[in-house]
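Please look at the sequence and the model first, and then read the notes below.

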Amino acid sequence: MQWFLSLGPVWQALLASLIMYAMTALGASFVFFSKKVNHTLLTALTGAAAGIMIAAGFFSLLLPAIEYESSVPAYVTAPLGFLLGGAFVILCDFVLSRTQTRFRGFGDKKNALLFFAVTLHNIPEGMAVGVAFAVAPGVEGAALSALFLAIGIAIQNFPEGMCVAFPLRMKGMTPLRSFLFSQGSGAVEIPACVLGAVAATFIMGLMPWALSFSAGAMLAVVCSELIPECFSGNKTVASAGIVLGFCVMTVLDLALG
């Protein structure tokens with residue numbers, strides 16, 4: 001631990017981002033151990049993904065955006081960024097519907113939106129960790145708090161990796177391609193985290209916008225794609241999956257965030 005704390009903030013951010021990415025890859029790797037997922041399990045996983053994304057959107061993105069110190073009031077950045085994020089997904093939905101063949105590799109529009117939403121929300125999460133390490137020098141206990149934040153996000157990334165990989169697999173994608181797409185959604189945290197540490201003074205002003213934008217995008221995907229998808233099957237299983245996913249993500253965020 002002392003060795004880690006003795007490193008510069010950029011190196012700390014890089015190592016933390018590798019841990020966060022590894023947990024996404026670990027969750028995605030479970031797709032290699034299951035050749036087929038039955039419909040009930042897929043409904044539960046989709047519902048859990050929805051619950052996880054709702055909780056993560058609030059506790060990991062929107063709430064930090066509201067609490068973030070900025071020259072622009074939170075009542076401006078949070079709702080406006082959230083609105084822009086939702087509008088972005090609606091626009092993506094329209095474009096994907098018009099250019100379906102370009103996204104055939106994902107299986108369908110829902111999987112493409114899910115992949116892009118998870119990837120998108122990982123960028124400000126990575127930046128937040130990088131900024132936390134950048135402001136830590138000279139502040140007692142700040143580096144340790146930044147490390148705990150990274151660990152909390154890493155644990156959160158484990159179920160996210162599964163929730164991206166398994167729907168892709170169910171749509172006929174090979175296990176290897178499903179894994180590669182899923183781990184790729186977490187790989188963006190590495191450059192984002194390093195960038196956050198290197199350019200913290202510039203990113204700090206943009207962070208509330210980035211966090212609230214990602215929260216809006218995530219909720220729009222959940223409402224337009226995941227919830228209708230899981231409730232088209234067993235409503236009881238879908239409801240249980242959403243509630244369980246939300247509770248698990250809430251515990252992780254409050255305990256480790």
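Which residues does Glu-189 touch, not counting residues up to four places away in sequence? Glu-189 touches Ser-17, Met-20, Tyr-21, Asn-122, Glu-125, Gly-126, Ile-153 and Asn-157, where a contact means heavy atoms within 4.5 Å. The model is predicted: local features need pLDDT of at least 70 and side-chain atom pairs count only at pLDDT 80 or more, while totals for chains, interfaces and linings use all residues. Residues are numbered from 1 along each chain as its sequence is written, and side-chain values use heavy atoms, with hydrogens and water left out.

**The protein as a whole**

- The protein has 10 helices and zero strands; helices (H or I, at least four residues) and strands (E, at least two) are DSSP runs, numbered from the N terminus.
- Of the 257 residues in the protein, 48% are buried, a term that stands for under 20% relative accessible area with a 1.4 Å probe, counting protein chains only.
- Among contacts in the protein with a separation of 6 or more, 84% are between residues 24 or more positions apart.
- Carbon and sulfur atoms hold 73% of the accessible surface, which comes to about 11900 Å² (Shrake-Rupley method, 1.4 Å probe).

- Glu-189 lies in helix H8, which spans residues 189–198.
- Glu-189 is buried because its relative accessible area is 0%.
- The side chains of Glu-189 and Asn-157 are joined by a polar contact of 2.9 Å (a pair of N or O atoms within 3.5 Å; within protein, one must be able to donate a hydrogen and the other to accept it, and residues adjacent in sequence count only if both atoms are side-chain atoms).

**Helix H2 and its partners**

- Two packed helices are described by the angle between their axes and the distance between the axes.
- Helix H2 (residues 9–29) packs against helix H7 (residues 175–187) at an angle of about 160°, and their axes are 8 Å apart (axes are lines fitted to C-alpha atoms over the stretch in contact, and angles run from 0 to 180 degrees between N-to-C directions).
- H2 is therefore roughly antiparallel to H7, as angles over 145 degrees count as such.
- In this pair, residues of H2 including Tyr-21 and Thr-24 meet residues of H7 including Phe-179 and Ser-182.
- H2 and H8 pack at an angle of about 160°, with axes 8 Å apart.
- H2 is therefore roughly antiparallel to H8.
- Residues of H2, among them Ser-17, Met-20 and Tyr-21, meet residues of H8, among them Glu-189 and Ile-190.

Technical notes
Buried < 20%, exposed > 50% of the residue type's maximum accessible area, 1.4 Å probe, protein only. Parallel < 35°, antiparallel > 145°, perpendicular 65-115°, else oblique.
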